[in-house]
Amino acid sequence: PQKWTGAGAMANAGGIPKTVGSDTYDQPKYVEKYATRLAYANFDGFPSHVAVSDSLDPETFTIGADDSDGIVLQISPGDGQAITAMRSMCIPNTREEILVIFKERSVYALAGDTPNTFTTFLVNDSYGALNNRSVVTGIRSDLFFIGEKGIYSFTTSNDFGTLQTRILGGEKIRETC
């Protein structure tokens with residue numbers, strides 16, 4: 001990933017966790033802002049891994065249990081699917097931010113603000129996003145995305161303002177003509 005230097009030029013972002021334990025992470029395919037951190041995903045050799053930076057320091061990954069530390073998470077690594085996209089999403093009722101993680105045929109979410117409170121959970125195991133460019137943020141913080149079998153919507157708006165784990169309008173938006 002590249003960053004702006006403040007002087008009109010671009011430079012390589014540093015600090016991506018090169019080695020955690022015996023695993024070497026390099027060249028993430030996706031980067032997304034999440035709370036006060038940056039999340040990097042789908043590294044060479046680790047297509048199901050997400051690395052979340054230290055709080056308020058997007059180029060630092062201190063792996064530990066301190067509230068400001070970063071973390072590396074595996075998102076269902078044995079399912080044979082790679083991470084294809086990520087988007088931050090706000091839950092209106094709680095004002096909590098979640099990170100929606102799309103795989104080829106499933107959707108997961110990451111909630112929490114610290115390594116001790118981070119939790120991942122399965123949102124759907126029937127559909128996913130084709131790629132990072134096929135996911136867009138719509139009205140409010142709703143997400144629209146293209147999957148293998150159609151165009152889908154994912155919403156946080158219901159009577160209580162919390163996360164809905166079903167697709168609006170049934171299984172997919174109906175074709176016209």
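This is a predicted model: local features need pLDDT of at least 70, side-chain atom pairs count only at pLDDT 80 or more; totals for chains, interfaces and linings use all residues.

Biologist: Where does His49 sit, and is it buried or exposed?

Modeller: His49 belongs to strand E7, residues 46-52. Its relative accessible area is 7%, and because buried means under 20%, His49 counts as buried.

Biologist: Tyr25 was in that contact list. How do I read an aromatic pair?

Modeller: You describe two rings by the distance of their centres and the angle of their planes. Here there are eight aromatic pairs. One of them is Tyr25 with Phe46, a tilted pair at 4.8 Å centre to centre and 40° between the planes. Tyr25 is in the loop between strand E4 (23-24) and strand E5 (30-34), while Phe46 is in strand E7, so the pair ties together parts 21 residues apart in sequence. Tyr25 and Phe46 are both buried.

Biologist: Which residues make up an aromatic cluster?

Modeller: Phe102, Tyr127, Phe145 and Tyr152 form one.

Biologist: And how should I look at a nonpolar core?

Modeller: The general idea is that nonpolar side chains tend to be buried together in soluble globular proteins. In this model the largest nonpolar core has 17 residues, and those touching the most other members are Ile98, Val100, Phe102, Val135, Leu143, Phe145 and Phe154. Two or more residues come from each of strands E9 (83-91), E10 (96-103), E11 (107-111), E14 (143-147) and E15 (150-154). There's also a second, separate core of 16 residues, with Tyr34, Ala39, Ile71 and Tyr108 among them.

Biologist: What does Phe102 contact beyond its neighbours within four places in sequence?

Modeller: Its contacts include Ile83, Met86, Val107, Val135, Leu143 and Phe145.

Biologist: Which strands pair with E14?

Modeller: Strand E13 (residues 135-137) pairs with E14 in the antiparallel sense over three bridges, and Val136 has Phe144 as its bridge partner. E14 also pairs with E15, again antiparallel, over five bridges. There, Phe144 stands opposite Ser153. E14 and E15 form a hairpin, with two residues between them.

Conventions:
Residues are numbered from 1 along each chain as its sequence is written. Side-chain values use heavy atoms; hydrogens and water are left out. A nonpolar core is a set of buried Ala, Val, Leu, Ile, Met, Phe, Trp, Tyr and Cys residues joined through side-chain atoms within 4.5 Å. Buried means under 20% relative accessible area, exposed over 50%, partly exposed in between (1.4 Å probe, protein chains only). Helices (H or I, at least four residues) and strands (E, at least two) are DSSP runs, numbered from the N terminus. Contact means heavy atoms within 4.5 Å. Two strands pair if DSSP finds at least two bridges between them. Rings of Phe, Tyr and Trp (its six-membered ring) pair if their centres lie within 6.5 Å; planes under 30 degrees apart count as stacked, over 60 as edge-to-face and the rest as tilted.
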